[in-house]
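Let's walk through a two-chain model together, one piece at a time. Have a look at it first, then read on.

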Amino acid sequence: MKFNRRAFLGTAVATTGVLSAPMVMGAGHGRPKVVVVGGGAGGATAARYTAKDSNGEIDVTLIEPSRQYYTCFFSNLYLGGFRSIDSLGHSYGTLAANYGINVVHDWATGVDRDAKTVATAGGYTIPYDRLILSPGIDFVDGSVAGWDVSAQNAMPHAYKAGSQTELLKAQIESMPQGGVYAMVAPPNPYRCPPGPYERVSMVAHLLSEINPTAKILIADPKEEFSKQGLFEEGWNKHYAGMIDRVGPDFGGDIVEVDPSAMTVSIDGEVTKVDVCNVIPAMRAGSIAEMAGITEGNWAPVNAIDLSSKMDENIHVLGDACAQGDMPKSGFSANSQAKVCAMSVRGALTGSNVFPARFSNTCWSLINTNDGVKVGATYEATEEKIAKVDGFISQTGETTDVREATYQESIGWYDGIAADMFT
Amino acid sequence: MPGRDTYKNSALPALGVSGLLLGTVFAVSSHDHGEADATVLATQIAQKEEALIAAMDDAKTAEGLAASAVEARDALEQRVATAVANGGDLTGLAPASTDPFVLGRPAHVDEIAAWDVDVLPDGRGLPQGRGDVWTGEEVFVEQCASCHGDFAEGVGNWPVLAGGLDTLADKDPVKTVGSYWPHLSTAWDYINRSMPFGAAGTLTADETYAIVAYILYSNDLVGDDFVLSDENFAEFEMYNANGFVIDDRSELEYSAWRGDPCMSNCKDMVEITMRATFLDVTPEGGGVSVMNHAAASDAPVFTQDGVVLQDIDASADQDAPTPALVTAPTGDAERGASLYEHCSGCHQIGEGAGDGIGPHLNGIFDRAAAQAEGYRYSDGLQRAADGGLIWDYTTLDAYIEDPRALVSQTRMSFAGVKQQRDRDDLLAYLRLFSADPQNIPEAAPTAVSIDHSVAPEVLAIVGDPAYGEYLSGECTSCHQASGAANGIPSITLWPTEDFVIAMHAYKEGVRLHPVMQMMAERLSDEEIAALAAYFQQLE
């Protein structure tokens with residue numbers, strides 16, 4: 001590996017928390033600078049495509065606190081015992097080595113939109129010509145009564161993959177026989193619409209193997225949810241009698257939890273539970289709000305290039321943005337990132353800009369070899385990213401079709417991981 | 001004056017130049033000291049060499065030269081010493097050189113003798129010695145049989161040395177020492193130089209004679225009391241001694257082929273007769289359909305062309321030059337039976353049919369794809385089956401029109417039946433062997449036949465790989481650009497035509513896969529061509 005300014009920077013930031021004086025770095029001369037905040041499906045893809053396709057014409061910096069990134073997608077499969085946690089981990093070495101991306105492992109703590117700089121927790125101030133924010137989600141304080149982030153060890157959300165996911169699995173595995181796993185499902189809109197219900201399926205799969213008399217209780221503020229027919233068909237088929245979902249018609253939207261007593265109150269009815277998986281309401285990752293480009297919980301963007309409606313030099317990708325019809329998924333973020341990278345390149349280097357096109361497919365696993373999917377294509381209109389066409393798996397499909405769908409999802413995982421990190 | 005030890009030591013660090021040195025030393029010695037006293041000469045050699053070493057101190061040493069130079073120098077030293085001891089004449093060691101660069105030297109007779117080991121057919125070069133069959137068997141079993149077999153029959157894929165007499169005129173002749181080799185000296189020489197494998201040079205001359213005798217015995221060319229020696233060697237005549245002829249074609253045949261080459265209009269009609277099905281190098285839509293040439297011979301001739309299926313009743317479509325657009329006729333099963341001859345090489349059908357090169361086709365209608373028990377299908381067909389492909393009129397029609405359009409990388413290496421009427425008749429015939437036919441012409445004649453094939457002008461679109469690269473972003477979320485495939489097939493390095501055909505099949509809904517149909521649906525012909533061009537050239 002060449003030891004250059006990039007490599008030095010990555011090392012320096014990681015190892016020196018003692019630098020107290022803010023300093024302006026990388027005043028690169030001539031090359032336009034793109035700073036990407038967040039190294040997930042949106043940010044890693046955007047950084048990779050911007051650097052790769054500009055062939056070094058653009059100086060790309062990726063700010064991401066984690067050295068090892070665990071994908072949220074497929075983390076439910078870890079809960080179900082279908083994947084190891086290690087198989088979900090990815091690092092940024094290839095992005096730095098192959099594309100010269102300046103990977104800074106640090107927290108972005110603020111954006112000065114006038115000076116066009118990003119401040120980091122490590123004390124750096126990094127200038128940009130274009131800023132791409134792909135910070136994922138944070139939680140809305142107080143959305144579930146009795147829960148806040150300080151209670152996340154007693155009642156994990158496990159909605160950012162990694163240690164939380166491992167914690168949740170350990171708790172499920174140590175449930176007493178016949179115990180209760182409760183999930184407080186989030187209100188719309190939230191990351192990965194089928195995610196909570198795939199999780200229920202995976203937890204049910206795990207419990208049916210190690211704790212077959214256990215129960216699953218879902219408190220859900222939504223009347224209906226993604227792939228509902230498919231999930232309910234699967235639950236009846238594979239886990240009959242195990243899963244109980246309380247919707248808003250029975251008070252599923254009036255929930256309070258007590259992390260110290262390990263109780264869940266649904267419309268006043270208190271249940272003692274053994275594991276409580278609280279998935280609160282969500283908002284854009286905090287840096288979007290710090291940048292002052294949010295409206296409500298999300299950052300509104302223009303469909304054509306994912307640029308913020310508040311600042312033309314900032315783009316927001318993935319879960320954090322309010323773009324229209326696309327679900328908040330890794331696939332969507334990856335799709336948006338490519339359109340965004342193309343637009344940013346076009347703006348900074350004059351390269352070709354083609355009409356934006358987006359697509360998304362979400363696969364979910366219900367039980368061993370029982371995979372389902374939903375997907376759609378989208379286009380950019382004046383006001384939003386608008387759905388063009390879509391499909392969904394059918395109830396009553398043959399086991400062969402379901403197995404093929406699951407195999408396809410494994411292929412997709414490898415595909416998108418390669419598209420992000422290699 | 002340096003002594004011999006000094007000479008030796010000082011030579012070592014500059015071995016790289018010694019090769020050059022040798023020539024120089026000898027050139028000098030031969031010029032100046034042709035008849036000189038040997039002691040003086042040796043001293044002179046040492047001095048000259050030392051001087052050269054000093055002069056070339058800075059020269060880079062070449063490792064490869066060094067080793068051979070050490071040997072050569074040691075040998076030289078030895079022989080100079082011997083010559084000196086005998087008070088002999090060194091001119092024999094150092095023949096005069098006329099090389100103006102005074103490099104190298106002619107080889108010495110002893111050196112030539114050490115290399116000159118070849119044995120000629122008339123026995124020249126053979127050392128004295130003898131060996132009998134029984135001794136040969138013992139040596140052979142110990143030294144040769146692990147590869148060539150106890151009876152010289154060959155183990156595994158190692159060479160067979162015996163047998164094969166009378167097979168030389170066969171299509172697949174067995175060429176052994178006995179059946180094929182014209183000269184016995186080749187056997188002796190080869191064994192002497194190269195055998196046993198990995199331990200060449202370890203056999204004595206007598207052992208080599210004995211092995212050769214045993215090989216002749218195992219070829220039934222001699223009795224078990226045969227003894228081979230340098231004396232009777234040349235007398236032995238091999239079985240195939242007269243089987244080789246001088247290649248005289250340059251004299252006898254060349255003139256017959258001479259003449260100005262034809263460069264235009266050399267043939268009345270040019271047609272494609274074969275198709276490289278896996279490489280797809282033969283353009284689609286080429287060739288000449290016999291259907292359109294009523295004068296074609298009556299005998300059906302199968303070609304891999306796919307454009308051509310010999311018509312049984314050539315006059316039938318003279319009134320319908322574009323049969324694909326007319327109302328679909330009710331399939332004629334009888335004619336289909338004749339057409340099926342093109343299929344029967346691979347696909348059995350009827351009572352007792354089993355799987356051959358392709359699966360049997362009994363009950364094919366309304367059957368899920370890839371269901372013939374025990375038949376190993378291609379990954380492509382298996383994937384199509386997993387995706388829910390059912391054989392009905394529409395899918396079978398599409399498949400036999402162009403197998404690749406429906407199933408990429410199918411092993412059915414058949415370019416397809418392009419004429420709608422042929423397909424209708426074939427399907428009508430297949431229907432006879434299906435218990436539960438669905439949607440077959442006779443059952444419910446389709447009003448308008450469907451042309452599934454991609455129009456030539458669409459196939460001819462040259463895609464822009466740069467545009468394809470942009471569009472590929474939609475593909476690489478699932479299909480890995482590296483070509484790795486796991487659950488989702490690789491789409492890199494496909495022939496562009498296959499790519500285009502497959503995408504249009506998704507677009508038209510001929511191929512079933514919800515994601516791919518959705519993706520293909522909004523791709524224009526140009527965009528599909530661009531993607532095909534991009535993925536075809538991806539590294």
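In α2(A), the residues A:Ala41, A:Gly42, A:Thr45, A:Ala46, A:Tyr49, A:Thr50, A:Asp53 and A:Ser54 meet a set of residues in α9(A) that includes A:Gly330, A:Ala333, A:Ala337, A:Ala341 and A:Arg345. "Meet" here is about contact: two residues whose C-beta atoms, placed from the backbone, lie within 7 Å. Keep in mind that this is a predicted model, where local features need pLDDT of at least 70, side-chain atom pairs count only at pLDDT 80 or more, and totals for chains, interfaces and linings use all residues. Residues are numbered from 1 along each chain as its sequence is written, while chains are lettered from A and ligands numbered from 1 in the order in which they are written.

- The axes of α2 (residues 41-54) and α9 (residues 330-349) of chain A come within 8 Å and cross at roughly 35 degrees (axes are lines fitted to C-alpha atoms, for helices over the stretch in contact, with angles from 0 to 180 degrees between N-to-C directions).
- Helices (H or I, at least four residues) and strands (E, at least two) are DSSP runs, numbered from the N terminus.

**A helix with a buried side**
- Helix α5 (residues 163-173) of chain A has A:Thr165, A:Leu168, A:Lys169 and A:Ile172 buried (20 or more other C-beta atoms within 10 Å of a residue's own, with C-beta atoms placed from the backbone).
- These residues sit on the same side of α5(A), because they cover an arc of only 100 degrees around the axis, taken from the directions from the helix axis to the C-beta atoms.
- Their cover includes α3 (75-79), β12 (180-184), α6 (195-210) and β18 (275-278) of chain A.

**A hairpin**
- Strands β8 (residues 117-120) and β9 of chain A run antiparallel, joined by three bridges (strands pair if DSSP finds at least two bridges between them).
- A:Thr117 is opposite A:Pro127 in β9(A).
- Three residues lie between the strands, and A:Gly123 in this hairpin has a positive phi near 95 degrees.

**Where the chains touch**
- 28 residues of chain A are in contact with 22 residues of chain B.
- Helix α20 (residues 514-521) of chain B gives the largest share of chain B's side, five residues.

Definitions and conventions: Buried ≥ 20, exposed ≤ 12 C-beta atoms within 10 Å, placed from the backbone.
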